[in-house]
Amino acid sequence: MESSGKEEPKGPVLHIVVVGFHHKRGCQVEFSYPPLIPAEGHDSNNLPEKWKYLPFLALPDGAHNYQEDTVYFHLPSLNEEMKCVYGVSCYRQIEAKALKVRQADVTRETVQKSVCVLSRVPLYGLIQAKLQLITHAYFEEKDFSQISILKELYDHMNGSLRGTTLEGSQVYLGLSPRDLILHFKHKVLILFKLVLLEKKVLFYVSPVNRLVGTLMTVLSLFPGMIEHGLADSSHYHCKSSISETPESLDPARISPSAGELNPKTDSKTDIIDGESSAFDHSDNHTSVADQSQPSASPQDHLQPHPPSHTSPDSSESDWETLDPSVLEAGEGSEGSVKHLEAESGEPITVQPKSVTGQGQLTQGLVSGLEEDQYGLPLAIFTKGYLCLPYMALQQHHLLSDVRVRGFVAGATNILFRQQRHLSDAVVDVEEARIHVDDPELRRMLSLSTADLRFSDFLLKHVTENREDVFLDGTGWEGGDEWIRAQFALYLHSLLASTLQQDNEKLLADYSSAFISAWKITHNYRVWFSNKHPAMAEITPGHPFQGQYSVADVKLRLSHSVQNSERGKKLGNAVITTSRSVVQTGKAVGQSVGGALTSAKSAMSSWFSTLAQPAVTSPAPDSTASKQ
């Protein structure tokens, strides 16, 4: 078993774990099969040191607010293979009075537990579908001492998943790019570029099921990423935080004033605040794009630049896992770098500078991932760039750890969102907004005209109501697989275009600022240092390149008005004014109409009075004469 580090696992499922909430000890492991620590029993509460956050991941923050929920999370491997362990947890709660067998430690009105599967394969949706059924049956027993169903689950899942290949629709079960585009619209491409730039990206929403679904759906747009690109996504060596201490997790300390949270103007914190011309480029932030010029040679683009400081307030991510202090102390010393490599055991992708001061890039860098003929998946989640679909509050220190150069993480606790200085971008899933404080990063992520055409093309095909017998009426075009194919074409074309160093027009269609920043990232340097003959089949250039037209002007205007802060304020003002005009018009119409109706009725009654004949009464004389 993996936990022993000696015996090869028999199947893709490593452990079945039950995590419960104890009224005194908090979240704890109550059952594991096979035992997490082989020398101990199934009911041991002890955990391997690397998995000490397992209870807090399986039983998430705020779980008591929901009757049931699902969590995806990643754990580091316990052996030396540096392979990620993929966790899927199904949470439920039940009233204590409904239990047939109530144990002595049950003192609360409700019992909260999670059934968790730890697996070697990233089949999130498939495992979730099976686990939900078993969790429901486990709770229906109303006796949590009945663990036979959990042992049967272990054997069944290992038998059914043993021959499952990481290809096809099973990998993407439950991940819908179609719903993602309907919610985020053109901002999906901004999220795509954020990950390519290896920035510190934090997703925020509740419940956890929606959080992890959104985050993993974004990653599913990268060819081969779910299948083979996350093997090293949870591998890190924790080191003392550069700015955070355990005491800083105190809500009183972790919630500074609004001015301390964001000293910049809030009107510019959204990445879609308009075009790059509206951004203030005189800011003191260090620009990643400034480190390489568009006209430079490929080697100049790929020059590694060690970070000049280690402050968490930095506007760029430290792309190396090396300790910056080591680089500063031993820069230019070949012996110090070799000593570090032997000491840490981690691959070094930076060559020491030569006597002439010109840096050299190691050719043929190995990503350690299973790549296809195009060099995909890209080596994004390697060398300390983490993928944490759900992040517990106890893992907060990872956001500021010097050995973590970046992350794509999900959180439901408001404390993560409040400390925005620890992230380059905060994605509010509920509001479909991307908050970025650094104006230079906003310029890099500003969509070009060709990018807007691409986003508009996807959105139109997704929103069209196509009548087809496949995919519940969505058909091939506009369906989930079709959307992934479009992003695969986009990435292939992007990579092919970067090989055309003399054609700046091709690169400008992707945004020159973005290209310059991307070329110094770890994932691009690894890809560029290797040869990929299949790339010769890809036509360079943006899939939606072409001359500007009136339609592009309308598209750009619509993009600016609908998504910039000024445009939103203007749109809200127009809507408010329109409503006021309509309401005023109705009120005036009612007043004028009421007055006209009253006048008309008065005139009608007057005319009718004039038209009526006079009523004559009998003369008194005639009456008297008759008598």
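Strands (E, at least two residues) and helices (H or I, at least four residues) are DSSP runs, numbered from the N terminus, and two strands pair if DSSP finds at least two bridges between them. This is a predicted model, in which local features need pLDDT of at least 70 and side-chain atom pairs count only at pLDDT 80 or more, while totals for chains, interfaces and linings use all residues. Residues are numbered from 1 along each chain as its sequence is written, and side-chain values use heavy atoms, without hydrogens and water.

Five strands form an open sheet with antiparallel pairing in the order 2-1-5-4-3. Strand 2 and strand 3 each have a single partner strand, so one side of each edge strand is left without a neighbour in the sheet. Strand 4 and strand 5 are joined in the antiparallel sense by ten bridges; Tyr86 has Ser119 of strand 5 as its bridge partner.

Angles run from 0 to 180 degrees between N-to-C directions, and axes are lines fitted to C-alpha atoms, for helices over the stretch in contact.

| Helix | Strands involved | Angle |
|---|---|---|
| Helix 2 (residues 124–140) | strand 1, strand 3, strand 4, strand 5 | about 30 degrees to strand 4 |
| Helix 3 (residues 148–161) | strand 1, strand 2, strand 5 | about 145 degrees with strand 1 |

A nonpolar core is a set of buried Ala, Val, Leu, Ile, Met, Phe, Trp, Tyr and Cys residues joined through side-chain atoms within 4.5 Å; buried means under 20% relative accessible area (1.4 Å probe, protein chains only). The largest such core has 141 residues, and Leu219 is among those with the most contacts inside it. Beyond its neighbours within four places in sequence, Leu219 contacts residues including Val195, Met225 and Phe381. A second, separate core has five residues, among them Leu365 and Val526.

Terms used: Contact = heavy atoms within 4.5 Å. Buried < 20%, exposed > 50% of the residue type's maximum accessible area, 1.4 Å probe, protein only.
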